[in-house]
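Let's take a walk through this one together. Have a look at the sequence and the fold first, and then we'll go from the overall picture down to single residues.

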Amino acid sequence: MTTSRLDKTEKLAVAPGHSSSQAGRRIKEAIAIALLVVITVAAYLPTLQCGYIWDDDFYVTNNKTLHDIEGLGRIWFRPGATPQYYPLTFTSFW
């Protein structure tokens, strides 16, 4: 019984312990994930051109604690320094 050269290359193309259906499934999953990322980026892309809205001026642009290094300390240690005492949130704005 002889094995053709084509049979040997087919056996080498699939990793040991994996079937070609598993490889196909991984490719489909990768394509689905990439498609999801592209759709998500496309959905949020218009927001990059937007400015601040509603109370953002009050909380971010006109908030003195966000403009200097001392403000970071006031955010954490002086509860009245920010409109609401959410130090982690205001630190993320900083």
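**From the whole chain to a few residues**

Start with one residue in this predicted model: leaving aside neighbours within four places in sequence, T82 is in contact with N63, T65, I75 and F90. We'll come back to that group once the overall layout is clear.

Zooming out, the protein chain has five helices and zero strands. Reading along the sequence, you'd write its pattern as α-α-α-α-α. How much of the chain is buried? Of its 94 residues, 11% count as buried. The chain exposes about 8200 Å², and carbon and sulfur atoms supply 64% of that area. As for contacts with a separation of 6 or more, 26% of them involve residues 24 or more positions apart.

Now back to T82. You'll find T82 in the loop between α4, which covers 69-77, and α5, which covers 87-93. Is T82 buried or exposed? The cut-off for buried is under 20% relative accessible area, and T82 has 7% relative accessibility, so T82 counts as buried.

One of the partners of T82 is T65, so let's hop over there. T65 sits in another loop, the one between α3 (56-61) and α4. T65 also counts as buried, because its relative accessibility is 3%. What does T65 touch, once residues up to four places away in sequence are set aside? The list is G71, L72, R74, I75, A81, T82 and W94. I75 turns up here, and I75 is among the contacts of T82 too.

I75 has a further partner in Y85, which touches I75, W76 and P79 when residues up to four places away in sequence aren't counted. Y85 and I75 are ten residues apart in sequence, and their C-alpha atoms are 7.7 Å apart in space. Like T82, which is in the loop between α4 and α5, Y85 lies in that loop. Y85 has a relative accessible area of 40%, so it counts as partly exposed.

For the last stop, head out to the surface. Here I33, V37, V41, L45 and L48 form a nonpolar patch, with about 510 Å² of accessible area together. I33, one of the patch members, has its place in helix α2, which spans residues 20-44. Why does I33 count as exposed? Because its relative accessibility is 56%, and exposed means over 50%.

Definitions and conventions: Residues numbered from 1 in each chain as written. Predicted model: local features only at pLDDT ≥ 70, side-chain atom pairs only at ≥ 80, totals over all residues. Heavy atoms only, no water. Helix = DSSP H or I, 4+ residues; strand = E, 2+ residues; numbered from the N terminus. Buried < 20%, exposed > 50% of the residue type's maximum accessible area, 1.4 Å probe, protein only. Contact = heavy atoms within 4.5 Å. Patch = residues over 30% accessible without salt bridge, like charges linked within 9 Å, V, L, I, M, F, W, Y side chains within 5 Å. Areas by Shrake-Rupley, 256 points an atom, 1.4 Å probe, with all protein chains shown as cover. Salt bridge = Lys/Arg side-chain N within 4 Å of Asp/Glu carboxyl O.
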